[in-house]
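User: Please go through the packing in this structure with me, one question at a time, and say how each term is defined.

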Amino acid sequence: MPIVVNLDVMLAKRKVRGKELANEIGITEQNLSLLRTGKVKGVRFSTLEQICQVLKCQPGDILEYIPDG
Amino acid sequence: MNRRFSQLVAWGCIAILIVAPVIALYFLINIELFISFAKSSLNLPIQWQTVSDMQWYSVWILTLFYATTGMAGLYFLRRAFSNFAKGELFNYSNSRDLRMFSVFLFVQALAKPLHFSLSSILLSMNHPADQKILSVSLGSGEIKVIALAMILWVMSDLLVSASKLEVENKQFI
């Protein structure tokens with residue numbers, strides 16, 4: 001898939017653990033794990049907003065478009 | 001209360017699914033009983049003395065096909081109600097089972113007049129050439145069941161679509 005989720009990179013940069021982020025934004029660790037591995041069909045704007053708020057970043061820092069091939 | 005009622009419906013379906021094949025087999029062994037039952041239920045001007053055993057067995061097979069459609073519908077209804085009793089409400093599997101039930105109900109409602117017509121042809125086969133019978137019967141009862149089956153079919157189809165949407169929605173974080 002050409003959309004890559006760089007949430008792991010941002011978590012490492014901000015030194016925030018996945019569990020903490022999940023608690024802050026009110027989603028389960030399981031769902032956060034699915035998001036981190038890109039195994040979801042989409043991200044809600046509300047979730048993205050909360051992630052950006054907690055990690056103090058832009059949506060572009062979390063999602064990246066890499067063309068196929 | 002709803003769970004108990006669902007369990008009751010599921011048990012009822014199981015009971016019918018067990019008893020019906022036994023009755024069918026009993027009718028096959030004791031074909032005379034089937035003949036008297038058929039004579040009383042088929043209100044047709046058949047010359048009964050002309051009907052051979054082979055014809056009665058053919059009617060039995062025809063009735064078996066007709067009844068099997070209903071049994072298949074009950075099988076899917078049992079599955080859905082058994083899950084309702086467990087507290088699993090409108091998930092994808094239940095919606096699909098309800099849709100299958102409505103499909104079989106619809107098929108059986110359409111098959112009822114066909115069964116009657118084919119029975120009349122089969123039983124009057126040995127009649128003289130100008131006295132053979134083709135009886136077509138479509139009453140308000142059949143039309144009601146067809147309408148009910150169609151409504152159920154559409155509603156269960158909506159439930160199947162709703163379940164798919166729910167599953168898809170869960171894939172959005």
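User: At what angle do the axes of helix α1 and α3 of chain B cross?

Analyst: This is a predicted model, in which local features need pLDDT of at least 70, side-chain atom pairs count only at pLDDT 80 or more, and totals for chains, interfaces and linings use all residues. Residues are numbered from 1 along each chain as its sequence is written, chains are lettered from A and ligands numbered from 1 in the order in which they are written, and side-chain values use heavy atoms, with hydrogens and water left out. The axes of helix α1(B) (residues 2–29) and α3(B) come within 8 Å, axes being lines fitted to C-alpha atoms, for helices over the stretch in contact, with angles from 0 to 180 degrees between N-to-C directions. Helices here are DSSP runs (H or I, at least four residues) numbered from the N terminus, and the two axes cross at roughly 160°.

User: How is α1(B) oriented relative to α3(B), parallel or antiparallel?

Analyst: The axes of α1(B) and α3(B) cross at roughly 160°, and angles over 145 degrees count as roughly antiparallel. The crossing of these two helices is left-handed, a term used if the near helix is turned anticlockwise from the far one by less than a right angle. The crossing angle therefore makes α1(B) and α3(B) roughly antiparallel.

User: How far apart are the axes of α3(B) and α4(B)?

Analyst: Helix α3(B) covers residues 53–85 and helix α4(B) residues 92–123, and they pack at an angle of about 165°. That angle makes α3(B) roughly antiparallel to α4(B), and their crossing is left-handed. The distance between the axes of α3(B) and α4(B) is 8 Å.

User: What is the relative accessible area of Ser137(B)?

Analyst: Ser137(B) lies in the loop between α4 and α5 of chain B, where Ser137(B) touches Pro113(B), Phe116(B) and Glu142(B), not counting residues up to four places away in sequence (contact meaning heavy atoms within 4.5 Å). Ser137(B) is partly exposed, a class that lies between buried (under 20%) and exposed (over 50%). The relative accessible area of Ser137(B) is 32%.

Conventions
Angles under 35 degrees count as roughly parallel, over 145 as roughly antiparallel, 65 to 115 as roughly perpendicular and the rest as oblique. Buried means under 20% relative accessible area, exposed over 50%, partly exposed in between (1.4 Å probe, protein chains only).
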